[in-house]
Structure formats: structure tokens, C-alpha cells
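Subject: Handing over a structure

Hello,

Please take your time with it before you read on.

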Amino acid sequence: MNEEEVIALVAALGSVRVDRASKESGAPQVAWGDTFLTYEPHGRAGGRGFQPFVTVVTKDYPGFDTVSDLDREGVFRVNVAVGRALLGGDRNT
């Protein structure tokens, strides 16, 4: 799958807001080109405090993540938040 196919697949789940970081969106320049998908039932996630459950990252972030080596043509990373239940419960216990 390519980046656009992943985004379309997740967006088709329903109640998903797709935000593409760009100059026009007001996102920091380092994030331009990345996509953030947020679960938004009934339009309630429009305010602050909601986190994306899927991110599609298209490049390395200097000083944060360069190990992924994403600065290559056609390479991207998909991060998916699966929740504590799938991780085996509360990580603090």
C-alpha cells in the first residue's frame, strides 16, 4: 500500500477526521506533508485535547527521529494507537 491508500483505508472506517499538515493548516513546518487521523464521533473532536489514533509520517524529524530513515522517495511510517487493552492492560502496574 502507498501512503494515500493507507489514509483512504483508515478514513473509510467512518467518523475519522483527516488533517494534513501544511503551511495553510498552520502546522509547524517540520510536520508539513504528514497526515493525522483522529476519531471524531459526531464532530466532537474539533476542540483541543483529542489525539490522532493514526499518523502517517513522511520524513525524519531532526533531533527527534532520524533512525527511521524516512528521507527516501516513497517511504513513510504509519503509527497506530491500539489502546491499553491490546497492550496487555495498564502499563503502570
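Predicted model: local features only at pLDDT ≥ 70, side-chain atom pairs only at ≥ 80, totals over all residues.

Let me begin with the cores. The largest nonpolar core is made up of seven residues, namely Val 6, Ile 7, Val 10, Val 16, Leu 37, Val 54 and Val 56. Helix H1, which covers 3-11, and strand S3 each contribute at least two residues to this core, and H1 gives the most, with three residues. A second, separate core has five residues, among them Ala 21, Ala 31, Tyr 61 and Leu 70. As background, nonpolar side chains in soluble globular proteins tend to be buried together.

Next comes the largest pocket, whose volume is about 280 Å³. It is lined by 14 residues, and the closest to its centre are Ala 21, Ala 27, Pro 28, Ala 31 and Phe 36. Strand S1 (16-20) and strand S2 (35-39) each supply at least two residues of the lining, while the largest share, three residues, comes from S1. Sorted by class, the lining holds nine nonpolar, two polar and three charged residues.

Glu 40 deserves a separate look, and you will find this residue in the loop between S2 and strand S3 (54-57). Its relative accessible area is 17%, which is under 20%, and therefore Glu 40 counts as buried. The side chain of Glu 40 is joined to that of Arg 17 by a polar contact of 3.0 Å.

Finally, two residues stand out for their backbone angles, given that most residues other than glycine have a negative phi. Ser 15, in the loop between H1 and S1, is not a glycine and yet has a positive phi of about 55°. Asp 69, in the loop between S3 and strand S4 (77-80), likewise has a positive phi, near 55°, without being a glycine. Ser 15 is partly exposed, with a relative accessible area of 39%, and Asp 69, at 38% relative accessibility, also counts as partly exposed.

With best wishes

Terms used: Residues numbered from 1 in each chain as written. Heavy atoms only, no water. 1 Å grid on protein atoms, 1.4 Å probe; cavity = no way out; pocket = protein on both sides within 12 Å on 5 of 7 lines; lining within 4 Å. Points joined across faces, edges and corners; volume = space filled by probe spheres on them. Helix = DSSP H or I, 4+ residues; strand = E, 2+ residues; numbered from the N terminus. Nonpolar A, V, L, I, M, F, W, Y, C, P; charged D, E, K, R; others polar. Buried < 20%, exposed > 50% of the residue type's maximum accessible area, 1.4 Å probe, protein only. Polar contact = N/O pair within 3.5 Å; in protein donor to acceptor, adjacent residues only side chain to side chain. Core = buried A, V, L, I, M, F, W, Y, C linked by side-chain atoms within 4.5 Å.
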